[in-house]
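Let us walk through this protein step by step. Keep the picture in view as you read.

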Amino acid sequence: MEDNAASDLGLLLPFSLVRQMLKDKLRTGREWSFCLGGILAGMAVSMSGNLHYIIYGIILRLLKIKTDYWFPSSTRYIGFDPAVTGDETIHEFPSYSFVLGDLHAHVINVFLVLTVLGILYSWIKTNSGKSWRQREIGLLGLLLGMFLFSNTWDFMIYYVVICGTLLFGNLKRYSSGSCISQALKWSVIQWIELLAAAFLASLPFHLTFENVMVQGIGIVKIHTAFYQFSVLWAFPLLVCVPFVIGILRRIGTFPEKKFRSFFSNIKYSDLYGLVLVLCAIGLIFIPEFVYVRDIYEKTAPRANTMFKLTYQAYIMFGIMMAYILVFFTVNRIKRCNGADSTVMCKGLLRCPRLQSLTGIIAILVLISTCGYLENAITHWFTGFPKRNAYQTLNATNYLETAISDDAAAIRWLNDNVEGQPIILEASGDSYQDYDNRVSAMTGLPTVLGWYVHEWLWRNDLEEENQRKEDVQTIYTSSNADQIKSLIEKYKISYLFIGSCEYEKYGEINSELLASIGKVVFRQSETTIIEVSNGTMTE
């Protein structure tokens, strides 16, 4: 359900933001043009793929150069096709996440970062009064604080985005006076306020949290091939870079008078768009130079860095491509309708009709990338879903037929257990069918989660391997005292014995475990034993 909300808001929030930006940019124009930009933004953020799908999924297949296309290939291209030892990377985007039903923090945060972007645009339009009287600053600080404990990557990314927007907004606000000194003063104050609000909001979390995932910064040794970089990013760069150049050309030279004049005359939507484009460009180039070191360093050193940075770049590019293409095309159409284009042309590239056609073609290319979503759904769900084949939005429903006895036991835990008692289940690994299904479906803590993810988060294999061994010992040992000691060590309240436990450990001493505690649920071979609140027998 959370992923469904993220995908819905991933469509609606960009729609409202870009619609308002175009309304402020074009001033006059038909409502359809504003709505077109909003719809295009929503599609670009939440439904589209990248040019990899167009090239490899359509063009090369039509030319019979490729015979098939598997939708995850658009997110596993650099380092995989062709394979490059030591440079496996990840470059996902929202529509891929939505199809998978991904509930990782970077997906849950999509609607939060879009909220941040909307608040930022509202602020840049209404920036007035003393810094500490601006409610937007406090709200942005609160959201940044949430990012600190939900997805720290987003905190770093959007702190820079917010700081850049605050600086440019203040430069515009004070463009009629002592532009630079006043703008810098209030920007620094607001940057500090943001940090203070963010760390205060996240303090309860960080008082008991120790971050050991990051092991420093590394220098990239293997770089992306130019053609692969172009496949992924040439289209947004071709749309957005001319926008940046066109805006910066207005400054001319940089004497203070012209500098002030630039910020005084530039429209809010263009100024805000400039920040987003510059940040998005920075995000796609950073993984070409440095990366955050983690446990994947030997085989995929920059995978996480590229993943988390380019994911947000994709969102910003999607918003800005819709804004740029619609105002560019609508503006050129107005010129064509308002004057003799043969008079207005100053060379072929400046012909309004040709520019209008170019804009329309670019819009169609952007829309065509949304075919990725249909392709992904068709492949992932074995045919495009039909209304008469609809089952449910409940992502846990598959358990009822796959492991029905375990599903009944999980329902019992959800209905009867209060608080956060620790439950024991078989330790598993990432993305296996049913590993850690009990803790995942109940929210109850367990002794050991997914092996590789726990290694990534905690970077302590010695502790992890010990826990893995202890979990197996509890299920298979014939020594009651040893089992009781381990139960006490990990403060376990419930023992879950089901399909995964039998599959992983074979013979389980279920009778001995039942004698240690109290059987509170049993269906077929699936059993839950309570061993807390004084129920352990001596």
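Start with a term. Two rings of Phe, Tyr or Trp form an aromatic pair if their centres lie within 6.5 Å, with the six-membered ring used for Trp. A search of the whole structure, which is a predicted model, finds 21 such pairs. A pair of aromatic rings is described by the distance of the centres and the angle of the planes.

Take tyrosine 53 and tyrosine 69. Their ring centres are 5.7 Å apart, and their planes make an angle of 65 degrees. Planes over 60 degrees apart count as edge-to-face, so this pair is edge-to-face. The pair links distant parts of the chain, 16 residues apart. Tyrosine 53 belongs to helix α3, residues 51–62. Tyrosine 69 sits in the loop between α3 and α4, and α4 covers residues 94–100. Both tyrosine 53 and tyrosine 69 are buried.

Now compare another pair. The rings of tyrosine 475 and tyrosine 505 have centres 5.3 Å apart and planes at 20 degrees. Planes under 30 degrees apart count as stacked, so this pair is stacked. Tyrosine 475 is in helix α21 (residues 461–476), while tyrosine 505 is in helix α23 (residues 499–505). The pair therefore ties together parts that are 30 residues apart in sequence. Are these two residues buried or exposed? Tyrosine 475 has 0% relative accessibility, so it counts as buried. Tyrosine 505 is buried too, with a relative accessible area of 14%.

Rings can also join into a cluster. Ring pairs link Tyr53, Tyr69, Trp70, Phe71, Phe93, Tyr96, Tyr314, Tyr372 and Trp380.

Lysine 25 has its charged end over the ring of phenylalanine 327, 4.8 Å from the centre. Lysine 172 lies over the face of tyrosine 268, 4.9 Å from the ring centre.

Go back to α3. Its axis comes within 7 Å of the axis of helix α10 (residues 226–248), and the two cross at roughly 120 degrees. That angle makes α3 oblique to α10. Which residues make the contact? From α3 come Leu51, His52, Ile55 and Tyr56. From α10 come Tyr227, Val231, Leu232 and Phe235.

Next, find the sheet. It is open, has four strands, and runs in the order β3-β4-β6-β5 with mixed pairing. The edge strands are β3 (422–424) and β5 (518–523), and each pairs on one side only. From one strand to the next, the twist averages 20 degrees. Helix α18 (residues 404–416) packs on the sheet and touches β3, β4, β5 and β6 (526–530). The direction of α18 makes about 135 degrees with that of β5. Leucine 424 stands opposite leucine 495 in β4.

One more helix is worth a stop. In α20 (residues 451–458), the buried residues include Tyr451, His453, Glu454 and Leu456. After α20 comes asparagine 459, whose phi is positive, near 55 degrees.

Finally, step back. The protein has 24 helices and six strands. Of its 538 residues, 49% are buried. Among contacts with a separation of 6 or more, 72% join residues 24 or more positions apart.

Methods: Residues numbered from 1 in each chain as written. Predicted model: local features only at pLDDT ≥ 70, side-chain atom pairs only at ≥ 80, totals over all residues. Heavy atoms only, no water. Pairing = 2+ DSSP bridges. Axes fitted to C-alpha atoms, helices over the stretch in contact; angles between N-to-C directions. Contact = heavy atoms within 4.5 Å. Buried < 20%, exposed > 50% of the residue type's maximum accessible area, 1.4 Å probe, protein only. Lys NZ or Arg CZ within 6 Å of the ring centre and 35° of its normal. Parallel < 35°, antiparallel > 145°, perpendicular 65-115°, else oblique.
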